[in-house]
Every structure is written in structure tokens, then in C-alpha cells.
Amino acid sequence: MEAWKFVIWGAGERGKLITEFLGESQIAAYIDSDKAKQGKAWLNRPVISFAEYKIKYEECFVIVTPVDEEPILSELESNHIKRYFRMSHLPSEMQGYGDTNFFDKLLIPQSETGSNIILGTTLYSCLLYRKLTDAGNDNVYLFSAGSGELEKQIEKYLHCRFTSRINPEKDNILLTTPEYNGEEIYYKKYVTDLFDLSEKLPQYYNPDMEAFHNIHSKKRCFIVATGPSLREEDLRLLAENKEICFGVNRIFHVDEKLWKPQYYIFADRAGMRQYWNEIAAYDVEEKFLGDSYWEDTSWKGNAHRMHVVTGHSFPIMPEFSEKLERKVYAYGTVTYMAIQLAVYMGFSTIYLLGVDCNYSKNSTQNYFFKDQRKDRYNHYVDRMVLAYRRAGEYARAHGVEIFNASRGGNLEEFERVCFDEIL
């Protein structure tokens with residue numbers, strides 16, 4: 001079969017991840033808006049402008065890798081380019097979380113009497129299609145209820161066949177996206193989920209986590225985030241009252257003599273790479289870290305890996321994990337992960353503190369500490385709100401109360417309480 005060639009938009013860390021997954025031979029070039037990178041080689045391929053792509057590489061599918069993808073998607077659409085995939089639509093493993101070498105180990109069930117139908121039109125969907133056809137299967141199809149422009153481009157340039165028919169009694173139906181729509185929802189109970197692999201790869205099971213299950217049954221806790229409303233006086237009260245607390249991300253900026261949490265959580269890949277030394281040196285009892293990055297180093301406290309299932313790009317309600325020994329769901333904010341961990345530990349009353357849910361781009365005032373660098377990251381508050389809404393729904397259905405004790409901020413998904421009246 002003819003080799004596929006892709007152009008990756010983004011000569012950065014996420015672009016490197018996709019290159020390592022696909023292999024250098026499948027990369028034709030990299031697009032980057034940074035003019036200092038253009039005209040040079042990166043990972044043995046040229047870095048080009050978008051204008052050069054339209055002249056020399058337009059028949060190649062683009063893989064959009066930056067987290068802040070909306071401006072790029074708008075530029076592609078405004079130029080009537082439909083040949084693109086979004087890295088944010090890929091499984092966690094292809095975004096740097098978990099086993100990045102999973103694809104070769106993946107055991108894919110196949111139908112002997114019917115067809116192998118792949119639900120999804122992502123890069124991952126097409127790679128699975130090719131994996132099956134390269135193995136000699138000629139009854140493989142991508143599913144489409146209609147013939148949209150993306151489907152036409154995939155068929156023309158990647159030579160994947162489509163079908164609009166499924167026989168759930170005979171066909172092998174493989175899910176490659178968390179989204180269901182149209183006719184797909186009818187077939188959900190027949191589907192083999194190849195997007196969330198947390199139950200299929202044995203290395204994701206961490207028996208150490210089971211020791212924390214329900215150890216704080218019916219107790220209360222505080223999840224302390226890093227918003228600008230966080231006050232030293234409040235932290236001092238938490239310490240004096242010996243409240244059980246979770247801390248997240250750069251909470252290590254708080255003076256440990258003033259207060260520190262019993263439990264600490266960090267999962268973001270880029271952040272873990274940047275602050276690894278601070279994370280390792282933070283002197284707390286238990287640390288719960290995502291499986292996106294790891295270095296062998298000396299530790300203070302105990303460190304526990306959690307498999308992170310990320311799906312931050314999808315405009316759907318995220319899942320809520322009850323099996324943290326297998327996985328935790330990430331969706332826009334580490335606080336959502338902390339809530340899942342708190343519920344797993346058995347807490348029945350959860351107070352949020354310093355969860356402002358309010359960010360200004362290019363600001364140094366987005367946190368309780370003054371950041372030396374401007375915050376240029378798009379925090380996707382809308383996705384955070386979806387995550388908090390899901391946490392609230394789960395909590396109400398399972399007898400857990402979540403209150404927002406933050407002093408100000410924009411989070412209104414939970415009942416507000418006055419911190420001064422709690423302690």
C-alpha cells in the first residue's frame with residue numbers, strides 16, 4: 001500500500017510526540033507560525049509556513065498538534081482545507097499519557113462472518129484501518145452515516161473505504177472516538193472500545209491505589225487550588241484545625257511551615273516536565289501523579305502513578321472514574337481529578353478553596369503567587385465548567401456534597417459557602 005505522508009502543524013513537544021508515534025518516514029514537513037523556525041530543519045524535516053504548505057504540500061493531510069488549536073482550525077477552514085486531523089481527538093496514549101507504544105501491542109478483535117467497522121474519522125481511526133488491511137483483511141470499513149467533506153478527503157487521499165451500514169449481529173464494531181451521534185448510538189452496546197484502553201492494557205492497573213479506597217469514609221476534606229483568591233490566613237486555619245487537604249499543581253509555592261496538604265496531585269505532561277524537581281522535593285505524605293512523564297529521582301513522601309484518560313477537546317460530558325486503580329479522567333482542570341480521588345477515598349463532604357475558574361490571558365496574576373512569566377495558555381474555562389458540572393451530577397447521585405468555599409472567582413456550579421463559617 002502507498003505510504004502516507006503527513007504535515008504536522010506545530011514544531012514543538014506535541015509535534016514530536018506524533019512524529020515518534022508515526023515514524024519519521026511518514027512526515028513530509030512541519031508548519032510553524034514562528035518565523036524563526038521557518039526555513040530550518042527540525043527532526044530531519046523542513047519547517048515551513050502555511051503559505052508554503054498550500055503551494056508544495058497541499059495534498060498531505062495536516063495534523064494539528066497545538067493545544068490552542070482553534071486559531072489554526074479557523075485558518076484551515078477559511079482556506080477551504082478539510083484535509084486535517086486534530087491531535088486533541090486522539091486517545092490519551094497518542095497525547096503522551098500512558099503507554100505511547102500501545103499500538104503495536106493492541107489486540108484487535110476481528111469478525112470472521114461480517115465486516116470490521118471502525119466508528120470515527122480521526123487519525124487513529126485511519127491508522128487502525130490500515131493496521132487491519134495491512135494484516136490482510138479486506139472487509140474493513142470506516143463508518144459514516146453520510147458523505148461529508150472529511151470523509152471524501154480520507155477516501156481520496158488515504159484510500160480508506162466507508163460504509164453506512166452495520167449489522168450488529170455479524171459485524172465487529174470498533175470505537176475510536178468517545179463521541180456517539182446519529183445512528184452510532186444505537187450500536188453502543190455492541191461496540192469494542194478502542195479509545196479508552198484503561199481496561200485493556202494491564203500495565204495501567206496500580207494495586208497501590210486500592211489502599212486508599214474508602215479510607216476516609218463519611219469524612220470531610222478541602223481541595224486547595226492555586227487561584228488568586230487563596231489566602232495565607234485560610235491556609236493557617238486549615239493547618240491549625242488539622243483538616244484533611246488535597247493540593248494541586250504549583251501549590252508547592254506555599255511555605256511548608258505554614259501549611260501543606262496530606263495529598264498532592266499533578267498530571268499535566270508539560271507541567272510535570274517543567275516542575276519535576278519541585279514535585280519530587282515537595283515534602284507531603286502522598287503524591288498522585290499522572291503517567292505522562294516520569295524520571296528516576298529521590299523522593300520526599302510516597303509517589304503513586306495514575307493512568308490519565310484525557311478527552312479535553314470533546315464538547316461532551318466527561319466520565320467520572322470510580323476505579324482510580326485503573327484510571328482517572330482529565331478534563332480541563334486538575335481539580336476535577338482531585339474530586340474523583342476524594343470521592344474514591346470515601347469523603348462525603350468536599351470543600352473547594354482557591355478554585356477561581358477565572359483566567360486572563362497574558363497575565364501574571366492568575367494564581368495566588370505572582371508568576372514571573374505571563375500566562376499565555378488558553379485555560380478553556382468552558383471545559384472546566386463541564387467537568388465541574390459532571391462532578392456535581394455524580395456527587396448528587398452518590399450522596400456526596402461539594403461546596404465552593406473560594407473567596408470570589410467565577411465558579412458557580414456548586415453551592416457557595418463562607419469559609420469563615422466552616423472553621
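E70 is found in helix 3, which spans residues 70-78. The model described here is predicted. This briefing starts with that residue and one other, then turns to strand pairing and helix packing.

**Two single residues**

- E70 has a relative accessibility of 32%, so this residue counts as partly exposed.
- Apart from neighbours within four places in sequence, E70 is in contact with Y380 and R383.
- N404 lies in strand 20, residues 401-404.
- With a relative accessible area of 0%, N404 is buried, because the cut-off for buried is under 20%.
- When residues up to four places away in sequence are not counted, N404 touches L352, V355, L411, F414, E415, R416 and V417.

- An open sheet is formed by 5 strands in the order 9-8-7-10-11, and the pairing is parallel.
- Strand 9 (162-163) and strand 11 (191-193) are at the edges, and each has a single partner strand, so one side of each is left without a neighbour in the sheet.
- Strand 9 pairs with strand 8 (residues 140-143) in the parallel sense, over 2 bridges.
- At the level of residues, F143 has T163 in strand 9 as its bridge partner.
- Helix 5 (residues 123-134) packs on this sheet and touches strand 7 (116-119), strand 8 and strand 10 (172-175).
- The direction of helix 5 makes about 165° with that of strand 8.

- Strand 4 (residues 45-48) pairs with strand 2 (residues 27-31) in the parallel sense over 2 bridges.
- In this pairing, I48 of strand 4 has I31 opposite.
- Strand 4 also pairs with strand 3 (residues 41-42), here in the antiparallel sense and over 2 bridges.
- R45 in strand 4 stands opposite W42.
- Strands 3 and 4 form a hairpin with 2 residues between them.
- L43, in the turn of this hairpin, has a positive phi of about 50°.

- Helix 7 covers residues 232-240, and its residues D234, L235 and L238 are buried.
- These three cover an arc of only 100° around the axis, which puts them on the same side of helix 7.
- E232, E233 and E240 are exposed on the other side of helix 7.
- Three strands are packed against by the buried residues of helix 7: strand 12 (220-224), strand 13 (245-248) and strand 19 (349-353).
- Helix 12 (419-422) is also packed against by these buried residues.
- K242 follows helix 7 and has a positive phi, near 55°.

**Helices 10 and 11**

- Helix 10 (residues 334-344) packs with helix 11 (residues 381-397) at an angle of about 15°, and their axes are 9 Å apart.
- Helix 10 is therefore roughly parallel to helix 11, since angles under 35 degrees count as such.
- The two helices cross in a left-handed sense.
- On the helix 10 side, the residues that meet helix 11 are T335, Y336, I339 and V343.
- On the helix 11 side, they meet A387, Y388, R390, A391 and Y394.

Definitions and conventions. Residues numbered from 1 in each chain as written. Predicted model: local features only at pLDDT ≥ 70, side-chain atom pairs only at ≥ 80, totals over all residues. Heavy atoms only, no water. Pairing = 2+ DSSP bridges. Helix = DSSP H or I, 4+ residues; strand = E, 2+ residues; numbered from the N terminus. Contact = heavy atoms within 4.5 Å. Axes fitted to C-alpha atoms, helices over the stretch in contact; angles between N-to-C directions. Buried < 20%, exposed > 50% of the residue type's maximum accessible area, 1.4 Å probe, protein only. Arc of directions from axis to C-beta. Parallel < 35°, antiparallel > 145°, perpendicular 65-115°, else oblique. Left-handed = near helix turned anticlockwise from the far one by under 90°.
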